[in-house]
Structures are given as C-alpha cells and as structure tokens.
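Dear colleague,

Here is the structure that I promised to hand over. My notes on it follow directly below.

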Amino acid sequence: MAFTILRGGRVLDIAAGTAELADILIEDDTIRDIGPSGLAAPEGAALISAERKLIHPGLVNAHTHAHGNLAKGMGDRWTLELLLTAAPWITGNRSPDDIQLTAQLGAVEMVLKGCTACYDLFFEWPLPTRDGMARVASAYSEVGMRAVIAPMIADRSFFEAIPGLNDALPDPLRERVKALRLAPGETTLAAVRAGFQGWSGDRDRVRLALAPTIPHHCSDDFIRGCATLARDFDVGLHSHVAESKVQAIAGMRLYGKTLTAHLDELGVLGPHFTVAHSVWLDNDDMARLGDHGASIAHNPGSNMRLGAGLADARAMLDARVNLGIGTDGANCSDNQNMYEAMRLASFVSKVQGPEWRRWMTTREVALAATQGSARALGFGDRIGRIARGYQADLVMLDLDHPNWLPFNDPVNQLVHCEDGNAVHSVMIAGHMVVENRRVLTVDMDRLRDRVAAARDRLAAANADNRRLYQALEPVVGSYCPGLARTPYHVHRYGARPE
Ligand SMILES: [Zn+2]
C-alpha cells in the first residue's frame, strides 16, 4: 500500500460550483479521503503540494480515433464525406508500429491537455487483429492513460454505403474504388472475436469495446453480429449516427426510417451503446436513446470543422440521454483538447436560438465532459468525480496562469477560460503522468523523431492514394452536397424546417 497526500489545493466540485481549499488522501490508485487543510495521513505518505492549484477531475474524451493523430492538419475544406474519401490517403498503409505510434501521440496530447481517459475508435486496414488491439492498448499503458479501445469495423465501403454514389463515379474511378471494398462481414467479426478471446489487458486501465462505424456502412446481419459479440464479451458498442445530413438522408432512403429507429428495430440500443455526433436526430430518436439509457458523444469541434451542423445538446438532456463530450479524431478536429471541446459545446448550445434558458450551462458542460463521458466509457462508478472510492485521476491547474487571474468562478472559467495552457500536473490512477507541464512517461525527443519518420514514409507510401483522392474529390464533392439538398425536416426545438 502506498499513500499520497495532496495538500493545499482548491478541489473543484462541479455540481456544487465550488473550489474549496482541501487535502486529498490517495491510497494506491484510489481516493480515500478529502478534508480540510491538515487532513491526517499515514506516516510515510508521499506529499504533493497543490498550493495555488485548482484540482479538477480528469477530463474524459468520449470520442476519438487513434489513427487520426498522424493525419492532423492534412486537410481543410472537408465535409464528412470528403474526409471518408480521403481516408486511404491520410490513414493508409499503416504498419503495426504506426498503429502504436499514432495512439501514443494522441495519448500524450490528451494527458498534456488535462484528459485522463478516452473512448478510442481505432481503425486497422483491412481487418482488426489481435496485434493491432495489443499495440493500441500498450500505447495507452505506456503513457499511463486510461482508455476504452474499440476496433472500428464495417462490411460496406463508403462508396457502397451512400445511395447512388457508386453509380455516379466515372467507370475508371468505379474500378479503382473496388479495391476499397471491405472483407466479408463474417471474416471481420471472426477476426474481432479472435482478438477479444483471451484478452489479457488490464481491464482497470484499458478496456475493449466494438465500433460498427456507421449504421448504413454495415449490413443488418453485421450489426446483429456486433451486438452478439458485445454481449458475449460484455463490452460497449459505439457508432457514428446521423452525423451529417447526407447520412440522415441515406438512412431514410435505405430503411424508410431514421438511422436511430433502424438501430432500435435491430434491438441493439441499450446502456452499453454510445452514439457519436447525433447532429441530425429528431425528438423521437432522442427519446429512443434516452429510454434505452444510451449515451451520446457530442463532438462540437468536429461537427463545425466538417460542416455537419450543430447538435442540440439541450434536447438530448431533455430526453434523458447520457451526454458525453469528445474531440473526435485529430484528422477532423484537428486537436485533442477537451477544454476546447467543452468551450465549443457551450458555444454551440448558445448559438442555436434566443431562448437563453435552454442554453447549456457551464456546469452541465463540465459534468458531461467528466461524469457523462465516464459513464459512456463504462467507467461511471470509478472516474469523472473527485470523491471517496473514485480513482485518483486528477488534473492540477496553475491558478497563477493568466487564464485564472482573477479567480472569479471555477466552473465558468474551467469551461470558458481554460485552454490547456494552465495544466501543471496530471495524475492517473495515483501515478503522476504530467508534472510541471512535462510528460514523465514518454521520451518526447524520441517520439518526435519517430513521428517525423513515419510521416515521411507514409506520405510516400500513400502518394497514389492521394492522387485517387484528388480524382474523387470533384465527384464526391458534388454528388454528396447534391444529395444533401434533399429536404429533410428534423422535428425538434431549435431546428428550422427546410
Ligand atoms: Zn468519429
């Protein structure tokens, strides 16, 4: 047993809106006690001074993609559909080392920016493998970050999934995108099952989940197969639903109902199900998710960057959906900064209408980025709060940083003023991972060199894929906005009928 005592910090209670001076006693990885200055500690307890620090629960990123980190900044004016078209170029030809490296790079960025756990939907071409899963898991373990890692899978390519798109391609391009076809569903599901069997990862730190990527990129049998796997291994499911208007329209064309209604009919919704984005959900969809106790991972930065729209988090909360907040992948956000994600979540809520009483409060945003995301990860009883019995996942912000001068209101300033620059130290499961603004667990010089080498090698290996993207861009970039001109009325507060 090892005891640590944090003395002299201001401990944030998001729900109460307070940050009183208090000491925190930690035994191994768990918070044992919180009390006024001078709290008793066992002899020999390690002392950490938290004077002039605000201690907040580690932020929890409810939605990211490890493979995106090596692709940050590679594009600008991308819709979701152009991003999916660019995937072979920006994330193709990855070696097992690249898979580990890109996850590690994201983990380092997250911990430096006050995030202690994430839900990572990582991608491995052409199939998930046990080695790939182990690589991603060890990337997080090495950094010392908590994660739920979910192989992202499908049995239809993007070009097969969007109604009419394949037919809209000129013959030579249609031939070329045939190479992007995915393995048969049974093959992919068998690969996941093989990877999950005998998983020896530390389930306290890194857990498994499964991500059927986008409902209409998956046949009904494939989605049912994913649900069976999730049941068999007691893991979560995570899918991008109604992220863009094109997707919402594709759902209507393919199923004659919304994508959420389709998932409901397949019987896969439940408390273990997390839906990412949900920009184009109507009231009935949100009620379905709320009734099933499902979660939504709200990614306001990505939604704006890809022109997907503004998700209505108030309507989600009204429908009793569990709300988490995410950054999405660095290939579409383009950072892993949960402070920015919180700030944008607040702003996106406030820009939707003049009814200010319906705007999300900073308190609701901060709770979503901690407790809400933690519940989506399946860690709701262990992280997301500073409380006895919870894991010691703690962030210390420097109250002498200009972000906190003057110190007026802890929750408003956490959401609206903090940008990650005041992060001084980060503890995860009782271990210091960041101290005095430096990551302790990773050699940053070596990481920099490996990332630079991977970038150069991947740029050369994906040169053909880049040319393919350039040929496809005008076609996809005209066809999909054309499809999105189809009238689609979302019945909910704040949404204007089209
Ligand atoms: Zn995503």
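Asp 232 and Arg 193 form a salt bridge whose closest N and O atoms are 2.8 Å apart, a salt bridge being a side-chain nitrogen of Lys or Arg within 4 Å of a carboxyl oxygen of Asp or Glu. Because Asp 232 lies in helix H8 and Arg 193 in helix H7 (residues 185–196), the pair ties together parts that are 39 residues apart in sequence; helices here are DSSP runs of H or I with at least four residues, strands are runs of E with at least two, and both are numbered from the N terminus. Asp 232 is partly exposed at a relative accessible area of 46%, and Arg 193 is partly exposed at 29%, where buried means under 20% relative accessible area, exposed over 50%, and partly exposed in between (1.4 Å probe, protein chains only).

Before going further, please note that this is a predicted model, in which local features need pLDDT of at least 70 and side-chain atom pairs count only at pLDDT 80 or more, while totals for chains, interfaces and linings use all residues. Residues are numbered from 1 along each chain as its sequence is written, and side-chain values use heavy atoms, with hydrogens and water left out.

A search of the whole structure finds 28 salt bridges. Among them is the one between Glu 109 and Lys 72, with the closest N and O atoms 4.0 Å apart; Glu 109 lies in helix H2 (residues 96–112) and Lys 72 in the loop between S6 and H1, so this pair ties together parts that are 37 residues apart in sequence.

The zinc ion has as its protein donors His 63 (NE2), His 65 (NE2), His 240 (NE2) and Asp 328 (OD), lying 2.0 to 2.6 Å from it. Donors are N, O and S atoms within 2.8 Å of the metal (3.2 Å for Na, K and Ca), and since water is not among the atoms, sites may look incomplete. Along the chain, the donors follow the spacing H-x1-H-x174-H-x87-D. His 63 lies in strand S6 (residues 59–64) and His 240 in strand S10, so the pair ties together parts that are 177 residues apart in sequence; both His 63 and His 240 are buried.

With regards
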